Structures are given as structure tokens and as C-alpha cells.
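Colleague: I am new to this structure and would like a close look at a single part of its surface. Please take that part slowly and connect it to the rest.

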Amino acid sequence: MTEDHRAPPLQFRLRSLLAMAVAVCLIFGTLRWLNVPPRASLIVLVILAVSVAAAVALVAAIAGSDR
């Protein structure tokens, strides 16, 4: 009998996804409360999107490295 050793799939808990959504809401709520111009909010959004993409790529690379 040969056992197939596959890596578990990448999964995120619902709690962590909710925490990320709350963090983004707090960031943009604070920016709006401080009357930050929309262009600066767009820059913050782009930085957040790039950092999330980099983090997901890093997690995927780490998960795929133990094959």
C-alpha cells in the first residue's frame, strides 16, 4: 500500500478574513474622519492591495516549498 502524501490546501479561517475586513474598514474610516483627500486614500488602497498580493504569494511559495 502506498500512501499519497499531499500537502493540505491553503485555507483561511473565517475569523481571520473578518479581522482583515475590520482592519480595512478602520483604516478607511479613519482616513475619512481625518478628511484625507480621495487621491491619498487611493494610494493607501493600492499599497494594501500590493501587500496582500505579496503576502498571498509568500504563503503559497512557503506551502509549495515542502514538496
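Modeller: A term comes before the part itself: a patch is made of residues with over 30% relative accessible area and no salt bridge, and nonpolar side chains are joined into one within 5 Å. The model is a predicted one. In this model, Leu42, Leu45, Val46 and Val50 make a nonpolar surface patch of about 360 Å².

Take Val50 from that group. Val50 belongs to helix 2, which covers residues 38–64. Its relative accessibility is 53%, so Val50 counts as exposed; the cut-off for that word is over 50%.

Now the surroundings. The protein chain has two helices and zero strands. Two packed helices are described by the angle between their axes and the distance between the axes. Here helix 1, residues 14–33, packs with helix 2 at an angle of about 165°, and the axes are 11 Å apart. Helix 1 is therefore roughly antiparallel to helix 2, as angles over 145 degrees are counted that way. The crossing of helix 1 past helix 2 is right-handed.

The loop between helix 1 and helix 2 contains Asn35. Asn35 is not glycine, yet its phi is positive, near 55°. With a relative accessibility of 67%, Asn35 counts as exposed.

Last, the chain as a whole. Of the 67 residues in the protein chain, 3% are buried, where buried means under 20% relative accessible area. The accessible surface of the protein chain comes to about 6,300 Å², and carbon and sulfur atoms account for 70% of that surface.

Conventions
Residues numbered from 1 in each chain as written. Predicted model: local features only at pLDDT ≥ 70, side-chain atom pairs only at ≥ 80, totals over all residues. Heavy atoms only, no water. Patch = residues over 30% accessible without salt bridge, like charges linked within 9 Å, V, L, I, M, F, W, Y side chains within 5 Å. Areas by Shrake-Rupley, 256 points an atom, 1.4 Å probe, with all protein chains shown as cover. Salt bridge = Lys/Arg side-chain N within 4 Å of Asp/Glu carboxyl O. Helix = DSSP H or I, 4+ residues; strand = E, 2+ residues; numbered from the N terminus. Buried < 20%, exposed > 50% of the residue type's maximum accessible area, 1.4 Å probe, protein only. Axes fitted to C-alpha atoms, helices over the stretch in contact; angles between N-to-C directions. Parallel < 35°, antiparallel > 145°, perpendicular 65-115°, else oblique. Left-handed = near helix turned anticlockwise from the far one by under 90°.
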